[in-house]
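Dear colleague,

Here is the structure I promised to pass on to you, with my notes on it below. Please read them alongside the coordinates when you have a moment.

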Amino acid sequence: MSIIDYEKLLSENPFGLSQLNKETFYQKSIDDLSLFHANHCEKYGKLSKNLGPGVALPVRLFKLYDLMSIPKEEVKKTMTSSGTTGQAVSKIYLDGESAQRQTKVLTHIVQDFIGKDRRPMLILDSSKVLKDRRMFSARGAGILGFSIFGRHPKYVLDENMELNVPLLEEFCEKYKDEPVLMFGFTFMIWQYFVQKLKEKGLKLNLKGTLIHGGGWKKLVSLNISNDKFKEEIREYSGIDTVLNYYGMVEQTGSIFMECPCGRLHASVFSEIDIIDPITMEKKDTGKGLIQCTSILPTSYPGHVLLTEDEGEIIGVDDCPCGRLGKTFKIYGRIKGAEIRGCSDTYERR
Amino acid sequence: MNDVNFLIGSYDIDKTPFEIFSDDACDLLYKIESTIRKDREARLYPDVISVGYWCRKANIQKKKEEFSNGALRIGRGLAFHITPGNIPVNFFFSFLFALLAGNANIVRVPSKDFPQIRILLRILKECLAKFPEIEKRVAFVKYDRSDEITGEFSKIADVRVIWGGDRTVASVREMPSKPRCIDIAFADRFSVSVIDSESVLSSEPQVIERLVTGFYNDTYLMDQNACSSPRLIFWTGNSEEGKERFWLSLYEKAKKSYNLQASVAVDKYTRLCQDLMDRDDIAKQKSFGNLLNIISLKGAPEDTKSCEGFGGYFYQTDINDFSEISKVCDERLQTITYFGIDPKELAQDIIKNNCLGCDRIVPIGQAMDIDLMWDGFDLIRTMSRKIDIR
């Protein structure tokens, strides 16, 4: 696929285009991808024929179908979402080119926030995530993907998900004078890092940046807000730049990063749209379903996705951090429905 | 049994039966009717009002007359009801029917806290005070899912009224019951509509409005998830314009009245994508956003299980004569609602074609009207015994 000049984009500022300037090339790229996938993925082609070109795929379909736009022999890597046991997982099929492109774009976006220097790195997770092949899913891929930004990454949890205190103390002592990088998954960090530090009465004096992602579903149920999360991270680890990212295994690479002003940003590689769930039309203001587009997916039809998350656009080209493009906010997963009907007594849930 | 919450009555229930349509039972219903009519809180809920309306004297007496041929009928004993969790008032109808059939009743109420349940039980409790003979034969219970507790009630029941579809029926059937215990099992069912497009086209606007409101109440009102909600529409006549008029009017009605939850919208959209990707019997589709989806099939489907729309998601197909309906008229088919056709002719056709299915053929708008004939069961006769005198 050479319809999009990725190299050129990788040589420019990922947040340097105003929305107007971005849209001209971006829409064209999405249109080209839509045509490509309609012609190369039979299922997506059927959808396009009926619902129009550029139709959004519900993310759930990646759990139900093997969707790809390349011959099976060209698949180099299959990524899966980290579903809990028993749940269906998403399967994303990558060829060599797509896999490389994801890494390059991820690097390009993240470096805009933490710079090019590789910092001492703490991974707030267990090393077993990479050892256990069954767990090598979005979580493993995320850790590997972000590890390239650090020097000698250390895992702060042991195989039993217990905090490795000696390692932590040694790390804090060794790097007390330079900014470090921490990475992990939001809920894991809260449960196995922050809560454990609290329990053990430990307060660290690290400085630097924490990047975290993976969704707020569990923290929302515990009533923990982003602000509360940041506050506790600061209090117990000393880290004062806490950056959330929004991304999904179906669009690895072109993640949406939160800037220090607390807004999530779309880069030139991706776009966010808010969809009215009733009319399926785009809306400029107010809450709605998040539709993510990305110009990266070429080996599978994941360039336009309808998520099950609720969000809202909060600005265009106007973030005080100086990054251009759309900024948005996430409210989390849409609430499960209360369905009426007679086939429900005590069997279900 | 410590985890059972008795909302009315106790474990020490009198399990003996009494005459069908007993004076006491009928009087209790009239009392319920007048109490609901005067109760300010009850009047806020149309479904509670419908319970009261059903209990009115004129209605009950008419039903009683059907049994006034001198035959002696008495209840079977104790009826145990496992009622649907997601419909607020069906548990109460289930109770009323078994009561009129002369039974003592243990009713497991839905675990969800619908205000309708609280109101109906408050009113019932109040009314029961004047009817001690019935009062000692009634218990309403609430408990979290427990095979053990359901099993205990199962053991002592003479009638089990099992709502909740195939899975619940299967699991309750596994529980031991008395040798002569009778099960009224409400399985998963499927319902369809037959509409004549030319009649739709030629009808006055107010007729269409009534038709569409009736259809809306049959479907959207229960998220199209009740077993009597039509999911597949058979069109007779040849008027594309008539069909369009119907769907457009329905869309306007849904836009005004239906609260489409975001997650249902996503489920419907996902369903639409799956249908388009998987099926090869689709002629075309038409969607009004996620509010109303219409899938036109090339013919009657092979299996109605593939047409289980919800939240305003319909399958449709044209037919030249009723015999094409018999293709889907298997044991799952419950209700056929109609407009612009002759229901007798349809029924005759179903019989002629030796169909296993179809228990009701009712005008559009009456799909939800629960009554003593339900799901193919004659509830009074099934839940009572006739003493054969010669």
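The centres of domain 1 and domain 2 of chain B, taken over C-alpha atoms, are separated by 32 Å in what is, please bear in mind, a predicted model. The domain assignment gives residues 5-186 together with 375-387 of chain B to domain 1, and residues 190-363 to domain 2.

Helix H10 of chain B, residues 205-218, reaches 20 Å from its first C-alpha to its last over 14 residues, which is close to the 20 Å expected at 1.5 Å a residue. Its buried residues are B:Leu211, B:Val212, B:Phe215, B:Tyr216, B:Asn217 and B:Asp218, and what covers them includes strand S9 (230-236), helix H11 (240-257) and strand S13 (333-339) of chain B.

As for the nonpolar cores, the largest has 135 residues, and among those with the most contacts inside it are A:Leu122, A:Leu124, A:Phe256 and B:Val192. Helix H12 of chain B (residues 262-278) gives the most to this core, namely seven residues. Another core, of 56 residues, lies apart from it and includes B:Phe21, B:Ile36, B:Ala101 and B:Ile134.

Where the chains meet, 29 residues of chain A are in contact with 36 residues of chain B. On the chain A side, helix H3 (42-51), strand S1 (57-58) and strand S14 (304-316) are the elements that give two or more residues, with the largest share, four residues, coming from H3 of chain A. That side of chain A divides into 14 nonpolar, six polar and nine charged residues.

With best wishes

Note on methods: Residues numbered from 1 in each chain as written. Chains lettered and ligands numbered in written order. Predicted model: local features only at pLDDT ≥ 70, side-chain atom pairs only at ≥ 80, totals over all residues. Domains from an automatic or database assignment. Expected span 1.5 Å × (residues − 1). Buried ≥ 20, exposed ≤ 12 C-beta atoms within 10 Å, placed from the backbone. Contact = placed C-beta atoms within 7 Å. Core = buried A, V, L, I, M, F, W, Y, C linked by C-beta atoms within 7 Å. Nonpolar A, V, L, I, M, F, W, Y, C, P; charged D, E, K, R; others polar.
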